[in-house]
Amino acid sequence: MTAAALPDVHIRSDFDRWRRRSKLIRRLRVILPATIGVILLGMAGFVVQTTVLGREASPAKTDAPIQLVNPRFVGKDEKGRAFIITATSAERDENDYQRVLLNEPALVLDAEGESPSRVTSKTGVYSEDKRVLNLDGGVKMSGSNADFNTQSSIFNTATGELEGQGQIAGVGPLGEITAKSYGVYDKGERLVFKGGVRGRLDPK
């Protein structure tokens, strides 16, 4: 190789290096933005997935009504007489947690006595602060001495008295009786009827 050819060799070598560097730079200009785009898409997908899953896994509202299945309330009145209140289901009133809404409630008076009385209805409301049970719709009272049907009844868990304003009809110890109001006292042993009382005595 002559001395004149040496500069040409160096020039070609520099040109090859420059060309390789140019190709690398062009590739990096494509690869780097694409890589950044993939990373951003991945981060966006992660944020969306976390948000959706977090919303689905969020706990139920704490102020939702408390629902009970086959609830049972047991207590005694001021004279120590036991009573039991049951229902197929119950739900606390979301506007007043002292009120318990009952479905198909059943009340047992003098539950520990020899002749307990049973009262059932379609719906009921038990006010814990007032200690009062309101029964409505198809109220049926049954015991050892009488069986009566009426529309509504109010049971005072403090006094143990069951009263109501509304037409009542049934069979008592003396025969058939109808009236406009009534009261059940002394563990169901004493029934008082008022207002348009009519009856048909049974000679037996």
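**Exercise 1.** Is phenylalanine 193 buried or exposed?

*Solution.* Before we start: this is a predicted model, where local features need pLDDT of at least 70, side-chain atom pairs count only at pLDDT 80 or more, and totals for chains, interfaces and linings use all residues. Residues are numbered from 1 along each chain as its sequence is written, and side-chain values use heavy atoms, with hydrogens and water left out.

Step 1: get the cut-offs. Buried means under 20% relative accessible area, exposed means over 50%, and partly exposed is in between (1.4 Å probe, protein chains only).

Step 2: apply them. Phenylalanine 193 has 19% relative accessibility, so it counts as buried.

**Exercise 2.** Work out which strands pair with β9, and over how many bridges.

*Solution.* Step 1: know the terms. Strands (E, at least two residues) are DSSP runs, numbered from the N terminus, and two of them pair if DSSP finds at least two bridges between them.

Step 1: take β7 (residues 117–120). It runs antiparallel to β9 (residues 132–142), with 3 bridges joining the two. Here threonine 120 has lysine 140 as its bridge partner in β9.

Step 2: go on to β8 (residues 123–127), which pairs with β9 in the antiparallel sense over 5 bridges. Threonine 123 has aspartate 136 in β9 as its bridge partner. In the hairpin of β8 and β9, 4 residues sit between the strands, and arginine 131 takes a positive phi near 60°.

Step 3: finish with β10 (residues 147–156). β9 and β10 are antiparallel too, with 9 bridges, and asparagine 134 stands opposite isoleucine 154 in β10.

**Exercise 3.** Classify the aromatic pair of phenylalanine 83 and phenylalanine 155.

*Solution.* Step 1: recall the rule. Rings of Phe, Tyr and Trp (its six-membered ring) pair if their centres lie within 6.5 Å; planes under 30 degrees apart count as stacked, over 60 as edge-to-face and the rest as tilted. A search of the whole structure finds 3 aromatic pairs.

Step 1: use the numbers. The two ring centres are 5.5 Å apart and the planes are at 75°, so this pair is edge-to-face.

Step 2: Phenylalanine 83 is in β3 (residues 82–86) and phenylalanine 155 is in β10, so the pair ties together parts 72 residues apart in sequence.

Step 3: check burial. Phenylalanine 83, at 5% relative accessibility, counts as buried, and so does phenylalanine 155 at 1%.

**Exercise 4.** Now do that for phenylalanine 148 and phenylalanine 193.

*Solution.* Step 1: the pair is tilted, with 5.2 Å centre to centre and 45° between the planes.

Step 1: phenylalanine 148 lies in β10 and phenylalanine 193 in β13 (residues 190–194), 45 residues apart.

Step 2: phenylalanine 148 counts as buried at 2% relative accessibility.
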